[in-house]
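Q: I'm new to this one. Can you put it up and take me through some of its contacts?

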Amino acid sequence: MLTASRRQFLEDYARIRSAEGRASASSDYYRALPFADLTGRNTAQWRIRARSFRYFVRRILPPKPCAVLDLGAGNCWFSNRLAEMGHCPVAVDIFSDAEDGLRAARHYSVRFPRVEAEFDCLPFAGGRFDLVVFNSSIHYSQDYRCTLAEALRCVRPGGQVVIVDSPVYFKREHGERMRAERHAGFEQQYGFSSDALGSVEFFDLEMLGQLSRDLSLTWTIYRPWYGWRWHLRPLMARLRGRRPPSRFWILEGRAAENGGAGARRRA
């Protein structure tokens with residue numbers, strides 16, 4: 001049974017996503033994602049998603065077919081692309097909407113399992129998956145340690161948990177400022193702050209270090225190239241007296257051998 005806060009979150013989420021133009025009556029729209037936004041409503045965001053996905057496929061995704069748990073799958077475009085490549089994805093989300101949730105998978109020509117479940121209570125046996133991916137989704141978690149522990153339970157020994165397109169800041173204060181600005185913007189535009197769940201909404205370097213120690217994780221940080229305009233965002237923010245913008249690094253976490261923990265960086 002849904003709690004009142006969860007029900008409120010889903011109602012708020014559906015309202016915002018609808019206003020942002022996150023759906024279409026055409027199957028072509030879904031099948032083009034992430035490489036094109038046929039509605040033209042969120043083209044810049046999908047351009048980032050496309051570059052992240054290409055980088056993930058080129059640098060992180062194993063070439064041989066593997067079992068992938070797609071957590072926070074949304075309209076399932078990520079699972080669809082993996083299935084087209086011969087992998088075996090399972091799409092998981094708490095949002096089952098027919099236009100922007102799990103049931104939107106009806107638009108794809110390939111079929112894959114879809115499961116309505118929460119991040120912190122996954123209905124899978126331990127060690128079932130080669131790879132667990134949070135694709136623009138883990139920032140909705142209320143407790144990263146709990147969420148990541150459950151994801152690690154589901155991945156086989158030697159497998160990894162990958163976080164794609166969630167905001168990362170050097171300092172926590174910058175993430176907190178982003179969160180406050182975001183809620184104020186929702187309040188002004190929609191009449192509510194969209195904080196029913198108390199989601200974390202961002203990562204910072206101190207937070208990643210603490211998660212590494214708590215969960216014996218070794219992080220590898222990948223930094224995809226999103227173009228000069230994106231690269232210059234921190235400089236432009238400094239010149240304008242604004243808070244530093246988020247980074248959309250790709251974070252790969254592996255259970256550290258011999259209880260070690262740490263972080264590595266890759267371009």
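Q: How many salt bridges does the structure hold?
A: The structure holds eleven salt bridges, where a salt bridge is a side-chain nitrogen of Lys or Arg within 4 Å of a carboxyl oxygen of Asp or Glu. This is a predicted model, in which local features need pLDDT of at least 70 and side-chain atom pairs count only at pLDDT 80 or more, while totals for chains, interfaces and linings use all residues. Residues are numbered from 1 along each chain as its sequence is written, and side-chain values use heavy atoms, with hydrogens and water left out.

Q: What does D100 form a salt bridge with?
A: With R17; the closest N and O atoms of D100 and R17 are 2.7 Å apart.

Q: Which parts does that pair tie together?
A: D100 is in the loop between β2 (88-93) and β3 (114-116) and R17 is in helix α1 (residues 4-19), so the pair ties together parts 83 residues apart in sequence. Helices (H or I, at least four residues) and strands (E, at least two) are DSSP runs, numbered from the N terminus.

Q: Is D100 buried or exposed?
A: D100 counts as buried, at 5% relative accessibility. Buried means under 20% relative accessible area, exposed over 50%, and partly exposed in between (1.4 Å probe, protein chains only).

Q: And which residue does E20 meet in a salt bridge?
A: The side chains of E20 and R22 meet, at 3.1 Å from N to O. E20 is partly exposed at 23%, whereas R22 is buried at 9%.

Q: What about D214, which side chain does it meet?
A: D214 meets R145 in a salt bridge, 3.7 Å from N to O. This pair links distant parts of the chain, 69 residues apart: D214 is in helix α7 (residues 205-215) and R145 in helix α5 (residues 144-154). D214 is partly exposed at 36%, and R145 is partly exposed at 48%.

Q: Switching to strands. How does β8 pair with β9?
A: Strand β8 (residues 217-222) and β9 pair in the antiparallel sense over six bridges; two strands pair if DSSP finds at least two bridges between them. The bridge partner of T220 in β9 is E252.

Q: How many bridges are there between β5 and β9?
A: Three, also in the antiparallel sense, between strand β5 (residues 155-164) and strand β9 (residues 250-255). I163 stands opposite L251 in β9.
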